[in-house]
Amino acid sequence: AAKNGGNEAVVYDPAIDKSSQESLSLLSELRRAAEENQFRLYVQPKVMLGTGEVVGIEALVRWVHPERGMVFPDNFIPFAEKTGFIRTLTRWVIEQSAALCSQLEASDIKLRVSVNLSTRDLLDQELPAKFAAVLARHALAPSSFCLEITESAIMDDPVRAQQTLEGLHAMGVDLSIDDFGTGYSSLAYLKRLPVHELKIDKSFVLKMENDPDDAKIVRSTIDLGHNMGLKVVAEGIETLGAWELLAAMGCDQGQGYFIGKPMPAEQFADWLQRWKS
Ligand code: C2E
Ligand code: CA
Ligand code: CA
Ligand code: CA
């Protein structure tokens, strides 16, 4: 049972679950999902807003449950975090992403893969070493990866999070602050952490065409990021209008349904072919 070194303590939390019985069974379902290959790697393209060139993909996990069908991450990631199962899942996502990346490189497609990390991953001091082992096994440069971290994940234990991030940075992996503007305001951390990229949360981008306040927040965030020497990425681009507005504001890269929805990893090469033609 202690397959993962006993990391998965079951925490009874009435606030998130109806009963401890139910959370125990969800945890065993997640473990079975891992054993029976029910997780799927989905990817969403990331483009240069100036040229439309595809420069990266974000890895997003899906759970194809035998009875419930497609389960979206918002419905199991928080629970996976609570129980520590997220470490198993994160390792799976990193492994799958590395496999995809080296497969794409073999077809001369050079892209950066972004992987989401959560709070528990940042407290895992072995993560940099484990990650380095995956890179070596797939003969990938650390710069083929970007790790996305939310502000709230950092705020949970800033000292340990910083240690892990410094370790990853020292390896040469790029770091991105995800959902920027939604968490606690942590401009001080932005200054102190070795981040390369700032991702404007989709809640602002989705409304920026109709709400002048959101447009101002987006513009100021782009300027803030640039003033700090960071690359700025917008997520949630659903219209040509949003793309054009962001490009005019100088935003570097973008991601969203207008460009491409998250798709099964094995469909990405075909999608890219169509995007280019
Ligand atoms: P996120 O990291 O902020 O990922 C972006 C989410 O926005 C994705 O939802 C994506 O499908 C969605 N999205 C992208 N473009 C658009 C758009 O134009 N319009 C709208 N309305 N939505 C858009 P998804 O895949 O459901 O993932 C939700 C969250 O679950 C992610 O938010 C991330 O926090 C978490 N997550 C997903 N995969 C993983 C994973 O492998 N590990 C961890 N730790 N978290 C993950
Ligand atoms: Ca993300
Ligand atoms: Ca985000
Ligand atoms: Ca999010």
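The calcium ion (ligand 4) and the calcium ion (ligand 2) are 6.0 Å apart. Keep in mind that this is a predicted model, where local features need pLDDT of at least 70, side-chain atom pairs count only at pLDDT 80 or more, and totals for chains, interfaces and linings use all residues. Residues are numbered from 1 along each chain as its sequence is written, chains are lettered from A and ligands numbered from 1 in the order in which they are written, and side-chain values use heavy atoms, with hydrogens and water left out.

**The calcium ions**

Let's see what holds these ions. Donors here are N, O and S atoms within 2.8 Å of the metal (3.2 Å for Na, K and Ca); water is not among the atoms, so sites may look incomplete.

| Ion | Protein donors | Distance |
|---|---|---|
| calcium ion (ligand 2) | Glu 58 (OE), Asn 116 (OD1), Glu 148 (OE), Asp 178 (OD) | 2.1 to 2.3 Å |
| calcium ion (ligand 4) | Asp 179 (OD), Asp 179 (OD) | 2.8 to 3.1 Å |

Along the sequence, the donor residues of the calcium ion (ligand 2) follow the spacing E-x57-N-x31-E-x29-D. Two of them link distant parts of the chain: Asn 116 sits in strand S4 (residues 112–116) and Glu 148 in strand S5 (residues 145–150), 32 residues apart. Strands (E, at least two residues) and helices (H or I, at least four) are DSSP runs, numbered from the N terminus. There's also a calcium ion (ligand 3), 4.0 Å from the calcium ion (ligand 2), and Asp 178 coordinates both. As for Asp 179, look in strand S6 (residues 174–180).

**Around Lys 199**

Buried or exposed: what is Lys 199? Lys 199 is buried, at 0% relative accessible area, and Glu 148 is buried too, at 1%. Asn 116, at 27%, counts as partly exposed. (Buried means under 20%, exposed over 50%, partly exposed in between, using a 1.4 Å probe and protein chains only.)

Lys 199 belongs to strand S7 (residues 197–200). Its side chain makes polar contacts with the side chains of Glu 58, at 2.9 Å, and Glu 148, at 2.6 Å. A polar contact is a pair of N or O atoms within 3.5 Å; within protein, one must be able to donate a hydrogen and the other to accept it, and residues adjacent in sequence count only if both atoms are side-chain atoms.

**The whole protein**

Zooming out, the protein has 12 helices and 10 strands. Buried residues make up 48% of its 277 residues, and its C-alpha atoms fill a box of roughly 55 × 40 × 40 Å along the principal axes.
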